[in-house]
Amino acid sequence: MDKRYRILHKTTYNYSEPVFDSFNSLKLYPNNCESQSVELCVISVTPSCNLRHYYDFFNNKTQYFTILNNHYGLTITADTIVGISEREKFPYGTSIKHIKSNNLIEKFRDYIVSSKYVVINPAIWRTAIDIKEDTDDIYQIAYKIMSYIFLEFDYNKEATDVRTTSDKAFSIKKGVCQDFAHVMSSLCRSLKIPARYVSGYIYDSNENNLIGVGATHAWVEIYIPSKNCWYGFDPTNNLVVDDNYIKIAHGRDYNDVAPITGTIKGGGVKRSLEVDVKIERIN
């Protein structure tokens, strides 16, 4: 039976001086994909404004708006209901050679080469080779990479920031879910396994205190040619992505899927940001 979730994602900005020109782009509308369907998504902005949307290069639904009137605060709320269905969890049996033999390198080039935050260097490539060992199966290789990050890296909110690249996180072996997803993407891509960065939410059904609950989360999807499908791995929690994960957007790295980006004029030097995410299972 499908699981249904309601997600309330609220972001609040406060400014010490008035903002008189604000432009923002939002990626808060969940992805409609093989195992996920969006039943409802209402995005509201205060002060009120007109929301427009487009689909970006990676087919993520993106809202944007402009506020020209003076304001001392900005609140963005996304109220969403999604249905998640179970999918095959262990799609073994596809050789890594399948990617090269079927001319998929060019098709998935964006997910095989370096990007803004996903860096491939000799140290990362050598580590990927060591993790792979004699394994030839794409799914098994990705699983081993995920487990390597989970075991070797420390979750530390102070060690990195949103601009940290995967090579920096790899060198210090510390970071948060964003960093772990970037590092896993680097390791997979260095082996020519298509890997894309995913933003979304995780529901802790067993109250095991999973990392990433109550905020936006990040994980990785790798492509398996024989299934013609993407499969998710969460290196922060060492879990295969299942029906407790709600996907928002995907891209090359965080830069492509940031929930809220924008520019403002004014606002003063004292600014605050609060983000609150609540997820409720409703069946």
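Predicted model: local features only at pLDDT ≥ 70, side-chain atom pairs only at ≥ 80, totals over all residues.

Colleague: Okay. Which elements each supply at least two residues of the lining of the second largest pocket?

Modeller: Those are helix 2 (104-107), strand 9, strand 10 (229-234) and strand 12 (245-251). Strand 12 has the largest share of that lining, with five residues.

Colleague: How much space lies in the second largest pocket?

Modeller: About 640 Å³. It is lined by 41 residues, and the closest to its centre are Asn31, Cys33, Arg196, Lys247 and His250.

Colleague: And how does the lining of the second largest pocket split by class?

Modeller: There are 17 nonpolar, nine polar and 15 charged residues in it.

Colleague: Now the largest pocket. How much space is in there?

Modeller: About 1200 Å³. Its lining has 39 residues, and Val162, Thr216, Tyr254, Pro259 and Leu273 lie nearest the centre.

Colleague: Which elements give two or more residues to the lining of the largest pocket?

Modeller: Among them are helix 6, helix 7 (254-257), strand 8 (195-202) and strand 14 (271-281). Strand 1 gives the most, with six residues.

Colleague: What about classes for the lining of the largest pocket?

Modeller: That lining divides into 21 nonpolar, 14 polar and four charged residues.

Colleague: Switching to packing. At what angle do helix 3 and helix 6 pack?

Modeller: About 75°, with the axes of helix 3 (residues 122-132) and helix 6 lying 8 Å apart. So helix 3 and helix 6 are roughly perpendicular to each other.

Colleague: Which residues meet there, between helix 3 and helix 6?

Modeller: Ile124, Trp125, Thr127, Ala128 and Ile131 of helix 3 meet Ser186, Leu187 and Ser190 of helix 6. By class, that contact has five nonpolar, three polar and no charged residues.

Colleague: And how do the axes of helix 4 and helix 6 cross?

Modeller: The axes of helix 4 (residues 138-152) and helix 6 (residues 177-190) come within 10 Å and cross at roughly 140°. That makes helix 4 oblique to helix 6, and the crossing is right-handed.

Colleague: Which residues of helix 4 and helix 6 meet?

Modeller: From helix 4 you have Ala142, Ile145, Met146, Tyr148 and Ile149, and they meet Phe180, Val183, Met184, Leu187 and Cys188 in helix 6. The contact of helix 4 with helix 6 has ten nonpolar, no polar and no charged residues.

Definitions and conventions
Residues numbered from 1 in each chain as written. Heavy atoms only, no water. Axes fitted to C-alpha atoms, helices over the stretch in contact; angles between N-to-C directions. Helix = DSSP H or I, 4+ residues; strand = E, 2+ residues; numbered from the N terminus. Parallel < 35°, antiparallel > 145°, perpendicular 65-115°, else oblique. Left-handed = near helix turned anticlockwise from the far one by under 90°. Contact = heavy atoms within 4.5 Å. Nonpolar A, V, L, I, M, F, W, Y, C, P; charged D, E, K, R; others polar. 1 Å grid on protein atoms, 1.4 Å probe; cavity = no way out; pocket = protein on both sides within 12 Å on 5 of 7 lines; lining within 4 Å. Points joined across faces, edges and corners; volume = space filled by probe spheres on them.
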